[in-house]
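I opened this notebook to keep track of what I looked up, entry by entry.

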Amino acid sequence: MPDDARRSIPSLDRLLQASEARSLLESYPRHLVVDALRATLAEARAGTNGGLALLSDEHLVAQANDRLGSQMRPSLRPVINATGVILHTNLGRAPLSRAARQAMEAVAAGYSNLEYDLEAGERGSRHEHLTPLLQRLTGAEASLIVNNNASAVLLALAALAEMREVIISRSQLVEIGGGFRIPDVLRQSGTHLVEVGTTNRTYIGDYASAITDETRLLLRVHASNFQITGFVHETSLLEMVELAGTRGLRVVDDLGSGSLLATERYGLAHEPMVQECIGDGADLVCFSGDKLLGGPQAGIIVGKAAAVATLRSHPLTRAFRPDKTTLATLHATLTHYERQEADREIPVWRMIAETVGALEVRAAAILRAAPFDWLTVLPTAATVGGGSLPGETLPSYGLAIAPPPQTVQEIAARFRAGDPPIVARIADDRVVLDLRTVAPEEDASVIAALRGLGAQPGGIGRVP
Ligand SMILES: *Cc1c(COP(=O)(O)O)cnc(C)c1O
């Protein structure tokens, strides 16, 4: 930078006195404004803030304002999921229903009877709030809620297997995602893993011949995120329960997603239902709160009273105990099932149940509102995700952007940089916005983002 340009950069004190800085000082505490202006001036002196034209008081204050804006913005924020993956773990899995959000607000705003028995006027248990509802919905005698399903499985094994042997089929030694591997969890629980059968075939006789004096339980893990087809045999839960009954062992079933609704009613393969597994006689069934249930992150354990009581008295239960807002949102979510309104009120089920015709109508309306020649309506295939229904798709509709001169990566990055950020899918060298996972209320933001893409200088297409 030439010396005279550098000399024209104002001092911090002068900039603080400038009329342009006044609104900044009204919006933020003085020490934050000083820091932001100082950093902006340092950039200006180093010549890294985009050139001489940007050295006026007005521009410098605007840069400090942007800096403060991004500094104060929470890192965790809402995004629009246009990937077509309904239970997207990286995007926070299940959105909550309106009733669940209201229930969270109600208990978060003040005190609650979280661990207080209002009738007796004495200490109560946080674990009792959901038991009657879960009994009615699943047929289980007892229940326990923990922070997520990974901790549910760890707790079940630690409490019921007591450092002894757990038998599991080789076909179920799975990695769930994010490096969460069932064999590692077994090891953490202090239990000894006994693998039986082969990758593709495990018979009840394999379990029976592996039982020793050290065996405490039989574990079934739902193969939630992959499929084995062809020459395959899985031992049924019922067979495992019968065998365990004759040998004085327990059966724990890790369902992963677990559903309370019959997925086949929505054109999908059958996902194991919690009430079926309880009906088959599993001692404990564990599943996630934020997968197909459509509620908050939680691990839900239902099953026989004696097994649940053993879990409740284990020290890990204290380490894994859920927060009051989790219990409140879970109760509201489960109530939708009891009222038989789950596929209207729970966002995950509303997305699964949405007709493909309705999605096509929305896609056409978006195209009419942003009629660029690089934009088309496209039939797509959405997935449930979140470790459920691998290989299954739901017919869907989206908007496809076929982009020269920019690359699909550049366009996807522009969508992510928007406010709100939009996370798209890239397929066949196109950027696709799948509408099955976009709430109808978000269509206006999608239209605005598309118009922004078209209107920007150096944008990808003509303004209509
Ligand atoms: C997803 C999953 C888990 C872990 O559940 P989180 O709620 O994510 O902790 C455990 N087991 C199976 C089979 C799963 O699919």
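**Entry 1: the sheet of 7 strands**

I began with an open sheet of 7 strands in the order β5-β13-β12-β11-β10-β6-β9, where the pairing is mixed. At its edges I found β5 (142-146) and β9 (192-196), each with a single partner strand, so one side of each has no neighbour in the sheet. Neighbouring strands here are turned by 20 degrees against each other on average, direction ignored.

I note the basis before going on. The model is predicted: local features need pLDDT of at least 70, side-chain atom pairs count only at pLDDT 80 or more, and totals for chains, interfaces and linings use all residues. Residues are numbered from 1 along each chain as its sequence is written, and side-chain values use heavy atoms, with hydrogens and water left out.

Some terms I needed at once. Helices (H or I, at least four residues) and strands (E, at least two) are DSSP runs, numbered from the N terminus. Two strands pair if DSSP finds at least two bridges between them. Angles run from 0 to 180 degrees between N-to-C directions, and axes are lines fitted to C-alpha atoms, for helices over the stretch in contact.

**Entry 2: around β11**

I then looked at strand β11 (residues 250-256), which pairs with strand β10 (residues 215-221) in the parallel sense over 5 bridges. Arg220 stands opposite Asp253 of β11, and Val221 has Asp254 as its bridge partner in that strand. With strand β12 (residues 284-288), β11 also pairs in the parallel sense, over 4 bridges. There I found Asp253 opposite Val285 of β12.

How many residues of β11 are buried? I counted 6 of its 7 residues as buried, so to speak mostly covered (buried means under 20% relative accessible area, exposed over 50%, partly exposed in between, with a 1.4 Å probe and protein chains only).

**Entry 3: the sheet of 5 strands**

I moved to a second open sheet, in which 5 strands follow the order β2-β14-β15-β18-β17 with mixed pairing. The edge strands are β2 (85-87) and β17 (425-427); each has a single partner strand, so one side of each is left without a neighbour in the sheet. The twist averages 45 degrees from one strand to the next.

β2 and strand β14 (residues 375-385) run parallel and are joined by 2 bridges. Leu87 has Gly385 as its bridge partner in β14. I also noted helix α19 (residues 408-417), which packs on the sheet and touches β15, β17 and β18 (430-434). The direction of α19 makes about 35 degrees with that of β18.

**Entry 4: Ser396**

Is Ser396 buried or exposed? Its relative accessibility is 1%, so Ser396 counts as buried. Leaving aside neighbours within four places in sequence, I listed its contacts (heavy atoms within 4.5 Å) as Val356, Leu359, Leu378, Pro379, Thr380, Ala382, Asp434, Leu435 and Arg436.

**Entry 5: α6 and α15**

Next I looked up helix packing. Helix α6 (residues 98-108) and α15 pack at an angle of about 150 degrees, with their axes 8 Å apart. They are therefore roughly antiparallel (angles over 145 degrees count so; under 35 is roughly parallel, 65 to 115 roughly perpendicular and the rest oblique).

From α6, the contact takes in Ala99, Ala100, Ala103, Met104, Val107 and Ala108. From α15, I noted Lys324, Thr325, Ala328, Thr329, Ala332, Thr333 and His336. By class, this contact has 8 nonpolar, 4 polar and 1 charged residues. Ala, Val, Leu, Ile, Met, Phe, Trp, Tyr, Cys and Pro count as nonpolar, Asp, Glu, Lys and Arg as charged, and the others, Gly among them, as polar.

**Entry 6: α7 and α15**

Helix α7 (residues 131-138) packs with helix α15 (residues 324-338) at about 35 degrees, their axes 10 Å apart. I recorded this crossing as left-handed. Leu133, Leu134, Arg136 and Leu137 of α7 meet His331, Leu334, Thr335, Tyr337 and Glu338 of α15. The contact has 5 nonpolar, 2 polar and 2 charged residues.

**Entry 7: α18 and α20**

Last, I looked at helix α18 (residues 356-369) and helix α20 (residues 443-455), which pack at about 40 degrees with axes 10 Å apart. The two are therefore oblique to each other, and their crossing is right-handed. Arg362, Ile366 and Ala369 of α18 meet Asp443, Val446, Ile447, Leu450 and Arg451 of α20. I sorted the residues of this contact into 5 nonpolar, no polar and 3 charged.

How values were computed. A crossing is left-handed if the near helix is turned anticlockwise from the far one by less than a right angle, and right-handed if clockwise.
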